[in-house]
Amino acid sequence: MTDMLTATEPFSGSAAVAATGTSSLAALLIALPLLGAAVLLIGGRRTDRTGHLLAIVMVVASFVLGLLIFFETVGRDAGARTSDVDLFSWVPIENFHLDLGLRLDPLSLTFVLLITGVGALIHIYSIGYMQHDAERRKFFAYLNLFVAAMLLLVLGNSFVALYAGWEGVGLASYLLIGFWSDRPSAATAAKKAFIMNRVGDVGLALAIFLMFKELGTTSFSGVFAGIGELADRSPATVTVMALLLLLGACGKSGQVPLQAWLPDAMEGPTPVSALIHAATMVTAGVYLIARCAPIYNLTETGGLVVSIVGAVTLLVGCIGGCAKDDIKKVLAYSTVSQIGYMFLAVGLGAGVYALAILHLLTHGFFKAGLFLGAGSVMHGMNDDVDMRHYGGLARKMPITFVTFTLGYLALIGFPFLSGFFSKDPIIEAAFSAGGTKGALLGGAALLGAGLTAFYMTRLMIMTFFGEPRWKQLTSADGREYHPHESPSTMTFPMMVLAVGSVGAGAFLAGGERLANWLAPSVGEFHHPEPPIPAIAVTLITMAFIALGVLVAYLAVGRRPVELARREDVSAVVRLARADVGGNAVNETLFARPGIWVTRTLVYLDAKAVDGAVNGLAAALGGLSGRLRRTQTGFVRSYALSMLGGTLLVVAALILVRFA
Amino acid sequence: MNGFPYLLLLLVIPLVGAVVVGSMKGAPVRTVKLVALGISLLVLVLAAALWIAHTPSDGGLQHTMSVTWIAALGLKFSLGVDGISLVMIALIALLVPIVIGASWEEKLPEGRSVAGYLGLLLSLEAAMIAVFAASDVFVFYVAFELMLIPMYFLIGAYGGPRRAYAAMKFFLYSFVGGLLMLASLIGLYVTSKDHLPGGTGSLDWETLKSIAHQIPESTQMWIFAGFAIAFAIKAPLVPFHTWLPDAGAEAPIGTGTLLVGVLDKVGTFGFLRICIPLLPAASSKLAWLIILLSVIGIFYGGLLAAGQTDLKRFVTYTSIAHFGFIALGVFAFTTQAMTGAVFYMVAHGLATGLLFLVVGMLTQRGGSRLISDYGGVWKVAPLLGGMFLIAALATVALPGTSSFIAEFLVLLGTFAALPGWGVAATVGIVIAAIYMLWIFQRTMTGPVRGVGVLGSDSDGESFLPSVPLPTTSGWSAGSVDHDGHGDTVTRTMTIAAEARKRFPDLNGREIAVLTPLVVLIVFLGIYPRPVLDVIDPTVRSTISQFQGQATDDVTVGQTGGGK
């Protein structure tokens, strides 16, 4: 494998062979959860009692199959780890033969295990979390649907199959954000998510059309084989393609300028936030760019823009996270920000793609764990999400507290926990970009680390320490708070994820295990070489993190938390509270003009277009009425005048012809 | 005539059926309905047999038959199907029994008989099949005009409150189109005399096709104009569209479904059958104009749909946007786009058929067509809401629905030939998501509310349909009030349970009517091959014939680019 990749030849992914053995059953990975969803949705209320168990069986079966395929693949040579499963001819028309097939390679298998593994845990957690919901069966059906679509997204071996999965997860996300559909806020958030994603999808679709136009194919192998030649012919086209793909990635992954939907998506039940809006779906953008490594390797501009988007987003996310009192919104902004880190890394291009995937995996563990912890807190607090009503919960829910703390430490990059092994190298890699570019990207990443420490420490203190403020309060529905630990179906997944939060980073980063495994998919890993010693970067990062923790302690830990929001705040805080302007921009640029244009058009359509027609009809009617007063039939009078016109046209035609 | 006369029977059976059903005014209503349904199912079986007998690899006309009609003018009554008309005939044969099933309990206006209604419906079926099966331009024209008559009466006699206005408007628009077409038809006939041996004119499609390249471009332009305006009215393209919202909204649900699902496609079919093969030079020269109108239509129809207050008018405006995609695909002149456009005609028939029928079931229950009279229906009638959702997803062309394959191919093929237009049309997919999800949100989600769902005689809340908040949670998605298991839910459940008494969920008949559409939408989304295999050869031969005959100085497919 290694000798195939010389420095001069562009990387185009390793060649795929037909899948054999267990791998040839890969279609079942998708089919099983899809079947689960279908049975639960078509079966209706008859499956209410056992439906959730079926859903869990399906996703666990998918996970087990994924493991079998994974180990089979690990057993092969590095050069023989890429295989294709052909399913059927999807769109067979002239000049466009689209076959539906799956690509099994280290990158897709990594995602399969993340999706089905974390997915299975969150399915289990949901048994307890959704216990009292009358529509729990529907919830599990949608979760299964999500898993199937997400697997299609990462397994498809053409961009069209990827797009199908891409839209499929969008649908599942829509259904799950709006799961409590009788809440207007949930319905609004669901619609917003879908529409903003569609904006991104336009980019992805156009990128696919561009591939077809220039290369005549949309399959991974075809596109990646031809992209080098295209770059020689027209480098600008490759850059445009990369930027269009990025637009798609931004929509799905909540990156600037399409980030505003993700915090609102927290309207969905918390397991959804954990699975879809933290661990898996929102990282699809990172997958897309890593998968398109052969394209991004050929366009420096494309990669640079990805990194800039990542750096800007990670700061926007951090700022947003600092000002929120809603525990899920803080975590949501944290997700926006952490995916910003992944974009930053993946944009740095050849050699460091693996760092983005590493952070994606560790983030999958600790952020899913944090969300499940937040759900557990809400479960014990009458579904209240306002951290100002919390306080002193550490003793009331010890398991939640411990697992949450481990996730927290992993997220802020505490030494030797998962986040440390994945975030620190990204900061190093950013500095390694060199020059002003390196300084700016690295600086942003460093600042982000400090801010992350600040808002997460604030969250920890407000939730688990200090005065139990809930004792004097009642929840919005008038009940008193009786915080308690959650049932074992909920705490078990939290514990498993906590283990991952602690150890996954060390395991995956150790001996560059993950990077070597991914090499056939994204290219050889090159360890970043920052201009200053790596240890110095690490120490500076630690200093920023410590500073963030300290400031949070001084701001929140040393003073009582106020129940009412202070309004005499600085412009920065106001901006942060207003979602860093994300919604305002959408409103001003799109929503309001859109509504205005629509209203105008509706008016014009009725008055001008239709009015002209009706006016003409009335005029003709009046004219013919005067001409032939004996005519009584409305239709006939029209018909006559029309016929006259037609005869004129025919006469004109014949004249023209004979002239 | 060779082989089994499928096409003739496909015309005769619904026509005879129409006469039989129409004369059953004295018979019990149930018998009338069963007879009509039986006849439509017989037509469906026959269409299925025709599909099986069809040879997909042959893109030309099959099952042709021809008898002399007006010998003095050399006119013949000729029929034949190729891949494009076959899929459309199959769509008609499928939709008619579904529509009859859906109209089973439809309340007709005072003094109107079921026999008359169903008789007209069957005669409409015969006329529509004739349009698609015609292999003579004159037969096409006659069928095109004949279609008008049952539809006029279906809207005018059986429609909603403004039916007279709507029917008249429909009639006049179509009539104007028809007369322009007649003028062009005569022009075509006269022109053909110059190019045929013996100086006898002809309107036989195959004959005209063979001389298409000999007709001078200037003459083609005139003839094209008449046909194109007729088809643009029928399709309809902006700005010839304003009859459709009125006709679609006032038509009874079943009629409206056929109007939007099939009848309008005669317009786009006409472009494919008449304009492109018979007038290639003019088609090539004027493609930019049709493309411009199509892209305007995608945006215009979408934005107008978003701004509607009436559910049925909403559906017709979404269709105007979709016809934009279809016409765009036809005139992009690539195999991908044109195959996509034909597939779109089928997919749109299924998706809009489903949407129209579901909307009909909704408005029938609520007794109102106003969007604002509904809210939270999903909680009250989950199956109806689910069907609405599936229709919505098919309308936004989500992968997994047949519309996706169609829209994707149209956009892919358009982009390959005309990148600028391709980009513009692709942006249109965002608008589809906006209007469709917005209406879903307004009618299906949120608290249960609205006169349509709760009735005007229930508790005070229903009198405040526009006040959105009987619950405590805020409109803004920033609310910190996650009371998912609290009081509000209990309350919503109570309201929903109350509403269910007067607003029942779908019954068995309704489910049976909608299921075939849902199954086909999903099946063709995942495995479109059976239909694509039929369409592709015909599209290929249409394109190659077009390219062979388009005048050499015109670069095919580039006419509209670079604007």
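The contact between the two chains takes 76 residues from chain A and 91 residues from chain B, contact meaning heavy atoms within 4.5 Å. The structure is a predicted model, in which local features need pLDDT of at least 70 and side-chain atom pairs count only at pLDDT 80 or more, whereas totals for chains, interfaces and linings use all residues. Residues are numbered from 1 along each chain as its sequence is written, chains are lettered from A in the order in which they are written, and side-chain values use heavy atoms, with hydrogens and water left out.

The size of an interface is often given as the accessible area lost when the parts come together. Between chain A and chain B, the buried area (accessible area, 1.4 Å probe, lost by two parts on being put together and summed over both) is about 7,600 Å², and carbon and sulfur atoms give 71% of this area. One salt bridge is found across the interface, a salt bridge being a side-chain nitrogen of Lys or Arg within 4 Å of a carboxyl oxygen of Asp or Glu. It joins B:K379 to A:E135, with the closest N and O atoms 3.3 Å apart. On the side of chain A that touches chain B, the elements giving two or more residues are β2 (83-93), α4 (136-155), α5 (159-177), α6, α23 and α24 (634-658); helices (H or I, at least four residues) and strands (E, at least two) are DSSP runs numbered from the N terminus. The largest share of this side, 18 residues, comes from α6(A).

The second largest pocket has a volume of about 1,600 Å³. Of the 44 residues lining this pocket, the closest to its centre are A:I195, A:N586, A:F590, A:A591 and B:I434. Two or more lining residues come from each of α6 (184-215) and α23 (582-627) of chain A and α13 (280-306) and α19 (419-444) of chain B. The largest share, 14 residues, is that of α23(A).

On a 1 Å grid over the protein atoms alone, a pocket is an open set of points with protein on both sides within 12 Å along at least five of seven lines, a cavity is a set where a 1.4 Å probe fits but cannot get out, and lining residues have an atom within 4 Å of a point. Grid points are joined across faces, edges and corners, and a volume is the space filled by probe spheres set on the points.

The largest cavity has a volume of about 90 Å³. Its lining includes A:Y163, A:R198, B:F404 and B:E407, and α18(B) gives the most to this lining, with four residues.
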